[in-house]
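Subject: Structure for your review

Dear colleague,

Please find below the structure that I would like to hand over to you. I would be grateful if you read the notes after it with the structure open beside you.

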Amino acid sequence: VQALSTYWLLLLLVTAGTLLPQLFYSVFMRRFYPEFRDLAMECEFHNLSNKSLREWELPASSRQHELVKDAPRPLAQRSLVRRYLHKQLPAQMNPKASSASK
């Protein structure tokens, strides 16, 4: 089976087909909806002044967690499905928010 050229072609196409949508999504999000860390990386890469970044504060309405000095970064980002569910079903995904609103 591995001697057939169709096998190798399909191997490349399936791999690219599964990885490209995530690549396009991450590039789109970084380009049009950058997170603070994306802006910080861009300032560092292009040797830009980070004065405005130091003065920037995240609005309280956009925060998902309370601010804690020197808090560790999350190990993994939420998947696209979890982000969608978090927006659609905030009370079920975040029991603290539903109990706080009562």
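This is a predicted model: local features need pLDDT of at least 70, side-chain atom pairs count only at pLDDT 80 or more; totals for chains, interfaces and linings use all residues.

Residues are numbered from 1 along each chain as its sequence is written, and side-chain values use heavy atoms, with hydrogens and water left out.

Overall fold

The protein has six helices and zero strands, where helices (H or I, at least four residues) and strands (E, at least two) are DSSP runs numbered from the N terminus. Along the sequence this gives the pattern α-α-α-α-α-α. Of the 102 residues, 3% are buried; buried means under 20% relative accessible area, exposed over 50%, and partly exposed in between (1.4 Å probe, protein chains only). The accessible surface comes to about 10000 Å², and 62% of it belongs to carbon and sulfur atoms. These areas come from the Shrake-Rupley method with a 1.4 Å probe, and for residues only the protein chains shown count as cover.

Helix H1 covers residues 5-32, which is 28 residues. From its first C-alpha to its last it reaches 40 Å, close to the 40 Å expected at 1.5 Å a residue; the expected span is 1.5 Å times one less than the number of residues. At leucine 19, shortly before proline 21, H1 has a kink of about 30°. The bend at a residue is the angle between axes fitted to the seven residues ending there and the seven starting there.

Asparagine 47 lies in the loop between helix H2 (36-45) and helix H3 (51-55). Although asparagine 47 is not a glycine, it has a positive phi of about 55°. Its relative accessibility is 71%, so asparagine 47 counts as exposed.

Salt bridges

Side chains of opposite charge can pair when their charged atoms come close. The structure holds three salt bridges, each being a side-chain nitrogen of Lys or Arg within 4 Å of a carboxyl oxygen of Asp or Glu. Aspartate 38 meets arginine 30 at 3.4 Å, N to O, and aspartate 38 also meets arginine 37 at 3.8 Å. Glutamate 35 pairs with arginine 37, with the closest N and O atoms 3.2 Å apart. Together, Arg30, Glu35, Arg37 and Asp38 are linked in a network. Aspartate 38 is buried, at 9% relative accessibility, whereas arginine 30 is partly exposed at 47%. Glutamate 35 is partly exposed at 41%, and arginine 37 is partly exposed at 29%.

Aromatic rings

How many aromatic pairs are there? The count comes to three, where rings of Phe, Tyr and Trp (its six-membered ring) pair if their centres lie within 6.5 Å; planes under 30 degrees apart count as stacked, over 60 as edge-to-face and the rest as tilted. The rings of phenylalanine 28 and phenylalanine 32 have centres 5.1 Å apart and planes at 50°, so this pair is tilted. Both residues lie in helix H1, four residues apart, about one turn of the helix. Phenylalanine 28 is partly exposed at 40%, and phenylalanine 32 is exposed at 52%. Ring pairs link Phe28, Phe32 and Tyr33 into a cluster.

Yours sincerely
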